[in-house]
Amino acid sequence: MGASESYLGSYALEANNNEPYFSMGKNTLKVPMTMHAEIRKNLCRSVRSDGNYRRHSWMYFEARTNNKMYDTDTNAVVFRQESFFNWLFGAKEPGLKAIVSCDTGYTILFAPEPTVESQVWSGKRKDLTWYKNHYAVDDCLALGNEVSALESRDAKRVYLLAGLNRFSYRKFPAPVFEGMDKFEIDKTTLYPIAVAGRVRKTEAELEVIKYVTKASSEAHRKVMACMKPGLYEYHASSIFQYYCYKEFGCREQGYIPICPSGDRCKILHYGGQSAPNDKKITDGSLCLFDMGAEYHCYLTDITCTFPANGKFTELQKNTYNMVLETVHEVVRHIKPGFTWREARMVCYKTLLKQLKAYGLVKGDVDAMYNAKIHRIFMPHGIGHFIGGDVHDVGGNASYWCWSDQEARDIDWYNDDLEWCPLEETMVLTIEPGCYYNDVLITPAKEDVKQGRYLVAEEIDKYMGIGGVRIEEVFIVTERGCDIISDVPRTVDEIENFMANPGPKDIPFLNAAADTWEIIPKENFPMSLSSRK
């Protein structure tokens with residue numbers, strides 16, 4: 001089946017060699033399905049290296065089933081595949097199942113056979129041969145044949161994916177299927193091995209992440225180019241999403257866009273249901289826009305902070321430079337073998353040095369660190385893994401060297417990333433920030449241990465700015481790291497870009513004509529009176 005005959009339009013076969021790939025069309029990245037075959041091969045090798053491995057072992061996986069909204073038959077959002085399943089198979093459909101031989105890597109996908117009803121509602125459905133050819137698996141059978149397939153291949157042990165996500169502290173539940181009592185079931189071995197596999201990216205995976213990071217970087221530039229006081233925060237998120245989809249085929253976002261302005265920049269996860277990017281952006285305020293697109297269930301995470309009118313005030317500039325220098329200092333230390341706990345100490349102590357240099361705090365930096373002064377201004381971690389999830393799974397449990405309580409006593413988070421030495425091909429973000437949040441600053445001023453380090457009269461001058469966050473995406477390399485996010489970063493770069501952004505037209509809805517048209521930046525947002 002050629003590209004023009006593909007059922008979905010996003011999966012096709014190369015004309016010259018029939019190799020399957022995923023793509024969203026012309027000028028978008030082609031992701032070879034051999035990428036997932038390589039990942040499965042690597043996973044099988046890792047499982048076989050376990051000291052308790054026995055021959056005739058298979059792995060069993062299930063895709064996500066649905067995304068229905070509460071008790072209705074309505075889809076809440078566009079279906080998104082479970083990340084481990086996409087990592088291994090690249091398949092987007094709900095309800096699929098798969099088994100993989102640990103001995104040989106032989107892979108069987110199980111899919112629904114098309115029915116008349118399914119084709120009436122959802123269009124022409126893929127047959128089993130299509131699944132086999134387009135997902136680069138060895139065979140595809142109808143759903144319901146999983147146990148018989150395992151029995152006919154003399155399966156002895158079946159590994160199930162189940163474990164605790166050490167970043168979110170949410171459990172990944174083991175699948176349950178009829179007939180599983182016929183095999184020796186292992187629910188503990190596979191999860192940490194798979195997590196370690198997701199942390200270390202293949203070259204093909206890195207290309208996908210670079211692509212979606214390029215798309216997001218360009219979209220951030222587009223937002224910056226279009227920005228002016230009077231727009232609403234949701235204009236920024238809509239421009240970003242539109243551009244990522246139109247130009248790069250990124251239909252989905254890695255997370256809900258976070259687009260606070262002004263004093264709301266101090267709200268870390270702004271933009272959700274309780275604060276849906278609904279504020280009018282005022283002249284003189286900062287914009288803190290944290291957005292990242294997704295492509296083939298791989299995503300990125302970039303944060304830009306800039307003035308709505310294109311010019312930083314002196315206090316905004318001070319805060320921005322404090323954070324930017326903190327970013328640079330951490331990046332200078334990143335290399336294989338460096339642990340994330342070490343990176344966190346560099347980050348927090350550098351921020352404290354900057355706050356002291358600008359007169360907001362006083363005292364010995366180590367003493368302030370021990371008093372946790374950094375948490376008053378930066379109440380979050382310094383970054384995270386990137387991959388199939390925005391806060392991607394990270395670190396092998398074997399890297400743990402201290403207890404959870406000891407980790408909590410030392411600093412903010414207690415996940416595997418703290419102790420995991422960085423390695424080549426890992427992809428992470430670094431996202432220092434500095435926020436002026438009265439919820440944290442007011443009690444700290446009154447606290448006996450913390451108040452003595454704060455210069456209250458200077459801090460008061462900064463209240464109302466909200467905050468600054470800068471988030472870069474980087475790949476760990478042999479000698480350090482490569483930053484792959486690409487947006488204006490210094491104060492001069494931002495101000496020069498916003499003064500001369502180049503092409504900046506964006507489609508907005510003309511309510512009167514009920515059509516999309518190109519409206520130059522200087523003509524929007526349109527007032528209600530202008531729509532008459």
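The second largest cavity has a volume of about 40 Å³, in a model that is predicted. A search of the whole structure returned 2 cavities of 30 Å³ or more. The lining of the second largest cavity is formed by Ser-83, Trp-87, Arg-198, Lys-201, Glu-205, Tyr-298, Gly-387, Gly-388 and Asp-392, and these residues divide into 2 nonpolar, 3 polar and 4 charged.

The largest pocket holds about 1500 Å³ of space. Its lining comprises 41 residues, of which Arg-64, Arg-80, Gln-81, Ser-83 and Asp-389 lie nearest the centre of the pocket. By residue class, the lining of the largest pocket divides into 21 nonpolar, 9 polar and 11 charged residues. Several elements of secondary structure contribute at least two residues each to this lining, namely strand S4 (57-62), helix H2 (83-89), strand S10 (171-172), helix H6 (190-199), helix H8 (233-248) and strand S12 (252-253).

Within helix H2, one of the elements that supply the pocket lining, lies Asn-86. This residue is counted as buried because its relative accessibility is 1%, under the 20% limit that defines the class. Asn-86 and Arg-64 are separated by 22 residues in sequence and by 9.9 Å in space, taken from C-alpha to C-alpha, and Arg-64 is itself among the residues nearest the centre of the largest pocket.

Salt bridges number 29 in the model. In one of them, Arg-54 is paired with Glu-184, and the closest N and O atoms are 2.8 Å apart. This pair links distant parts of the chain, since Arg-54 is in the loop between helix H1 (34-48) and S4 whereas Glu-184 is in strand S11 (residues 184-186), 130 residues apart. Both partners are partly exposed, Arg-54 at 35% relative accessibility and Glu-184 at 33%.

A further salt bridge joins the side chains of Lys-182 and Glu-151, with an N to O distance of 3.5 Å. Here too distant parts of the chain are linked, with Lys-182 placed in the loop between S10 and S11 and Glu-151 in helix H5 (residues 146-152), 31 residues apart. Glu-151 is classed as partly exposed because its relative accessibility is 41%, a value between the limits of 20% and 50%.

Lys-445 likewise forms a salt bridge with Asp-460, the closest N and O atoms lying 2.5 Å apart. The two residues are 15 apart in the chain and connect distant parts of it, Lys-445 being in helix H14 (residues 438-446) and Asp-460 in helix H16 (residues 456-462). The relative accessibility of Lys-445 is 31%, which places this residue in the partly exposed class, and Asp-460 at 40% is also counted as partly exposed.

On the surface, a nonpolar patch is formed by Val-116, Val-120 and Trp-121, which together have about 430 Å² of accessible area. Val-116 is found in helix H3 (residues 116-122). With a relative accessible area of 66%, Val-116 is exposed, as this value is over the 50% limit for that class.

Notes. Residues are numbered from 1 along each chain as its sequence is written. This is a predicted model: local features need pLDDT of at least 70, side-chain atom pairs count only at pLDDT 80 or more; totals for chains, interfaces and linings use all residues. Side-chain values use heavy atoms; hydrogens and water are left out. On a 1 Å grid over the protein atoms alone, a cavity is a set of points where a 1.4 Å probe fits but cannot get out, and a pocket is an open set with protein on both sides within 12 Å along at least five of seven lines; lining residues have an atom within 4 Å of a point. Grid points are joined across faces, edges and corners, and a volume is the space filled by probe spheres set on the points. Helices (H or I, at least four residues) and strands (E, at least two) are DSSP runs, numbered from the N terminus. Ala, Val, Leu, Ile, Met, Phe, Trp, Tyr, Cys and Pro count as nonpolar, Asp, Glu, Lys and Arg as charged, and the others, Gly among them, as polar. Patches are made of residues with over 30% relative accessible area and no salt bridge: like charges are joined within 9 Å, nonpolar side chains (Val, Leu, Ile, Met, Phe, Trp, Tyr) within 5 Å. Accessible areas come from the Shrake-Rupley method with a 1.4 Å probe; for residues, only the protein chains shown count as cover. A salt bridge is a side-chain nitrogen of Lys or Arg within 4 Å of a carboxyl oxygen of Asp or Glu. Buried means under 20% relative accessible area, exposed over 50%, partly exposed in between (1.4 Å probe, protein chains only).
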